[in-house]
Amino acid sequence: MGFDLVVTNGIIVTASEVLALGSEIGVKDGKISCLGTSLPRDASTKVLDAKGGYITPGGVDSHVHFAQDNSPTGDDFTSGSRSAIAGGTTTVIAFASQLRSETSVIPCITEYHTRAKNQSYCDYSFHLILTNPTKEIMQTEMPLLITQGITSVKLYMTYEPMKLGDSQLLTVLMGARALGFTTMVHAENSDIISLITDRLEAVGHSAPYFHAISRPQIAENEATYRIISLAELTDTPILIVHMSSEIAMKHVRKAQTRMLPIHAETCPQYLFLLSERLKGSERDAFEGAKCVCSPPLRHDPKDLEAMWQGIANGTFTTFSSDHAPSTYNHAAGKKLGLRDGVMRYRDIPNGVPGVETRLPLLFSHAGREKDSKLSLHRFVQLTSSDPAKLYGLEGTKGNIAPGYDADLVIWYPEAELKNGVTIEQKNLHHGVDYTPYEGMTVKNWPRYTILRGKVVWDRDGEGIVGKVTEGKFLKRNKGRIVVGKLGGEVNGMLKSEREFWY
């Protein structure tokens, strides 16, 4: 029996190595069947020539916001997933958000299934945002969700409608430890932010730039140290999302050197953008609203370099887009923060678009050249294989190996793109009206994106060639620890002290 597809003449990059030119990928029934040389073809085998370009796994973006009620002018699953495949991402994990008033999480999960089914170009799953972790939810509904393949939750330490106090955080962490679901945390000190925001507004400092002033790094640093302490106390693995502060990152690194299972994520905006982007322009003083996100863009190029160090040295487990856009030129979008000519940054919807540009931005700095900031296999780890491991998709997504879904990205040989690719809003596929990376040049872009053995993006041809109904829900297993281990001792506590809790 022959292969359905053979991908040839490319340089295959896995999570652990770069294979020499000449290796081929054989695909059967949407799965990678084998890697080898001179693979057999028959009359029905399609052959795709990579023309000497790199071949990487389809991207796994484990942090995107699609079809969110608090972002009515943002992307739904159709536009967001369309943008994903155009940038080489074949799997997204979006968020189903529980309202604090809801005493069950089942309705919101059901609703998000409805929003996504037959409306996605790529494969998808959900994290659950927990805002009201009642005893019934933790003891009855969370075990049920795990059987349904939803094996991760996100917790907030800030934002009034979502934030949890320490006692609630501890309740969820202990539940996560018992049930085995993965816990993500947005770590910023809410009280610090509220105090500074109130004082800034009292003296008239409410333009978009002051969003960065209102959320200083110390708010992230304190909350990061605190959630690491709570996780250590309960012996629970966590991932801290969208990190932007060097000191907070050092808290994570120190915990990792003690073998604590503390994972971390950063995003493109914290590698490429600074707070000066919030100041707007002479033409449009409010334009800085386009770059309002939380944590905010930081002030100094040294802050960007610190995040690059975390990318290179393994502190960060995942590199996600945190794609959370709102349309700029819309009264219900970013311009919620502009009323009667008065700018109020606290009313600006948080978030920036980035699902399409995530892979090209990072890939531009990956390679074997002296000025590369990370290796090619490190690129694969951050963007595909490690998020797949952490969120229960290992063996299916995130690597190029037999048995995995045939999700592939074929890049151009660099000789074909000597001048790179300039990022322009007019060429992107998301549903909003701007990109914060307008005018930036990247070295490369996906020539082809392949989802389960089928080409869904052909940059040289018709562009989007996949169908909006082809994305499927991924029933995930429990994730596994990528960094550290369970069972560590807590300084100052007896080795068996936790046993007295039960």
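Q: How many cavities of 30 Å³ or more does the count come to in this model?
A: In this predicted model, the count comes to five cavities of 30 Å³ or more. The largest cavity has a volume of about 40 Å³.

Q: What makes a residue part of the lining of the largest cavity, and which residues are they?
A: A lining residue must have an atom within 4 Å of a point of the cavity, and for the largest cavity the residues that qualify are Ala231, Glu232, Asp235, Thr236, Leu260, Pro261, Lys485, Gly487, Gly488 and Arg498. By class, this lining has three nonpolar, three polar and four charged residues, with Gly counted as polar.

Q: How much space lies in the largest pocket, and which elements supply its lining?
A: About 1200 Å³ of space lies in the largest pocket. Of the 48 residues that line this pocket, those closest to its centre are Asn70, Tyr159, Pro161, Met162 and Asn350. Helix 2 (106-116), strand 10 (152-156), helix 5 (190-202) and helix 6 (210-214) each supply at least two residues of the lining, which by class has 17 nonpolar, 19 polar and 12 charged residues.

Q: Why are helix 7 and helix 8 called roughly parallel?
A: The axes of helix 7 and helix 8 (residues 246-257) come within 7 Å and cross at roughly 20°. Angles under 35 degrees count as roughly parallel, and helix 7 and helix 8 are therefore described in that way. The contact is made by Gln217, Glu220, Asn221, Thr224, Tyr225 and Ile228 of helix 7 together with Glu246, Ile247, Ala248, His251, Val252 and Ala255 of helix 8, and by class it has six nonpolar, four polar and two charged residues. The crossing of this pair is right-handed.

Q: What makes helix 4 oblique to helix 7?
A: The axes of helix 4 (residues 166-179) and helix 7 (residues 217-234) come within 10 Å and cross at roughly 45°. Angles under 35 degrees would count as roughly parallel and those from 65 to 115 as roughly perpendicular, so helix 4 is oblique to helix 7. The crossing is right-handed. In the contact, Asp166, Leu169, Leu170, Leu173, Met174 and Arg177 of helix 4 meet Arg226, Ile227, Leu230, Ala231, Leu233 and Thr234 of helix 7, and by class these are eight nonpolar, one polar and three charged residues.

Q: Why is helix 3 described as oblique to helix 4?
A: The axes of helix 3 (residues 135-147) and helix 4 come within 11 Å and cross at roughly 45°, which makes helix 3 oblique to helix 4. Met138, Met142, Pro143 and Ile146 of helix 3 make the contact with Thr171, Val172, Gly175 and Leu179 of helix 4, and these residues divide into six nonpolar, two polar and no charged. Helix 3 passes helix 4 in a right-handed crossing.

Q: How do you know that Thr441 is in contact with residues beyond its neighbours within four places in sequence, and which are they?
A: Contact means heavy atoms within 4.5 Å, and, with its neighbours within four places in sequence left aside, Thr441 is in contact with Asn419, Gly420, Val421 and Thr422. Thr441 is found in strand 19 (residues 441-442). The C-alpha atoms of Thr441 and Asn419, 22 residues apart along the chain, are separated by 8.4 Å.

Technical notes. Residues numbered from 1 in each chain as written. Predicted model: local features only at pLDDT ≥ 70, side-chain atom pairs only at ≥ 80, totals over all residues. Heavy atoms only, no water. Axes fitted to C-alpha atoms, helices over the stretch in contact; angles between N-to-C directions. Helix = DSSP H or I, 4+ residues; strand = E, 2+ residues; numbered from the N terminus. Parallel < 35°, antiparallel > 145°, perpendicular 65-115°, else oblique. Left-handed = near helix turned anticlockwise from the far one by under 90°. 1 Å grid on protein atoms, 1.4 Å probe; cavity = no way out; pocket = protein on both sides within 12 Å on 5 of 7 lines; lining within 4 Å. Points joined across faces, edges and corners; volume = space filled by probe spheres on them.
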